[in-house]
Amino acid sequence: MGIHTFNTDEVQSLLRAACNLDGMGGNPRFKQILHRLLGDLFKAIDDLDMTPDEVWAGVNYLNQLGKDGEAALLAAGLGLEKFLDIRMDAADKADHIDAGTPRTIEGPLYVAGAPVANGMAKIDTNPDADAEALVIHGTVTDTEGKPVDGALVECWHANSKGFYSHFDPTGAQSEFNLRGAVKTGADGRYEFRTLMPVGYGCPPQGSTQHVLNALARHGNRPAHVHFFVSGDHLRKLTTQFNVAGDPLIWDDFAYATREALIAAATQKTGGTALGLKTDTYNDIEFNFRLTHLYKGTDNQLVHRERAAVDV
Ligand code: DHB
Ligand code: FE
């Protein structure tokens, strides 16, 4: 409708004052970022002629998002987490770092503190009648293919209902069910004995799903398994594999699927001897190639708030 106030002295002064740009103190980087974000919001309100009702609906939504504890979930669903990966991929390309296993989003459901085992961990502590047995195994190497001795492979995934322990709304799982960590030996090998996951879905009544509904989008992910993989003098990798054959493999609401991160399960026998629930089991081989530090530092390490439990 053509009410444009953004470029007036009054609005520009308001933005500078709100972020205390002309005052001393505070965090200069924070001031810079907030001034830009707030300005972009003001400009969008002008350009799209957003009504006060629309703006207050957005403000109230933030309250609800916080109450639901879903801000990190929304970040994944709106592609913000994927966008950060795209930027790290581009930085790696510019630095000619291209031989590692691709990264993909962490998601909001990691819990620090899972027990560490040498070489192999059985991580299904709760029975799950609907889940088939699964063995995940492979080798951690560097980009030259040399096995990494002492690599730490952390793994977490959902149960047959798509729920993660610690965040399970049914309360059905004990702490660290389907979560574990393995340290490799000189051969770089790791193995997890576990159960087949099912794809995650956003809480149906939650504020993330509320936004997705307004966009006519679903809030589901294909079956997947998350990993952090780290080793001495190597960059810590955040990745997942998605299980081949899942109908949502290329329709992930969090955009985490990548061609090189699709893993196929093969059927094997001999599970009884491995302590699995059935003799026939699913076997997934997934190998990790870790990249070297960049100029002596891990420039892909991400610091964010994560759940943690002491055992
Ligand atoms: C979300 C859930 C996941 O299991 C995951 O891997 C990534 C994101 C989410 O709810 O946003
Ligand atoms: Fe997940």
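Predicted model: local features only at pLDDT ≥ 70, side-chain atom pairs only at ≥ 80, totals over all residues.
View 1. A backbone N or O atom of Leu73 lies 3.4 Å from an oxygen atom of ligand 1, a polar contact being a pair of N or O atoms within 3.5 Å. Residues are numbered from 1 along each chain as its sequence is written, chains are lettered from A and ligands numbered from 1 in the order in which they are written, and side-chain values use heavy atoms, with hydrogens and water left out.

**View 2. The shell around ligand 1.** Ligand 1 is surrounded by 13 residues, of which the closest are Leu73, Tyr164, Tyr200, Arg221 and His226; a residue is near a molecule if one of its heavy atoms lies within 4 Å of it. By class, the shell comprises 8 nonpolar, 4 polar and 1 charged residues, with Tyr counted as nonpolar, Arg as charged and Gly as polar. Both α4 (71-77) and β8 (224-230) supply at least two residues of this shell, helices (H or I, at least four residues) and strands (E, at least two) being DSSP runs numbered from the N terminus.

**View 3. The open sheet of 6 strands.** The strands follow the order β2-β6-β5-β8-β9-β10 with mixed pairing, and at the edges β2 (116-118) and β10 (262-263) each pair on one side only; two strands pair if DSSP finds at least two bridges between them. Strand β9 (residues 237-243) runs parallel to β10 over 2 bridges, and Val243 stands opposite Ala263 in β10.

**View 4. Pairing of strand β12 (residues 280-285) with β4 and β11.** Strand β4 (residues 133-142) pairs with β12 in the parallel sense over 4 bridges, and Ile136 stands opposite Ile284 in β12. Strand β11 (residues 266-269) is instead antiparallel to β12, joined by 4 bridges, and Lys268 has Tyr281 as its bridge partner in β12.

Terms used
Polar contact = N/O pair within 3.5 Å; in protein donor to acceptor, adjacent residues only side chain to side chain.
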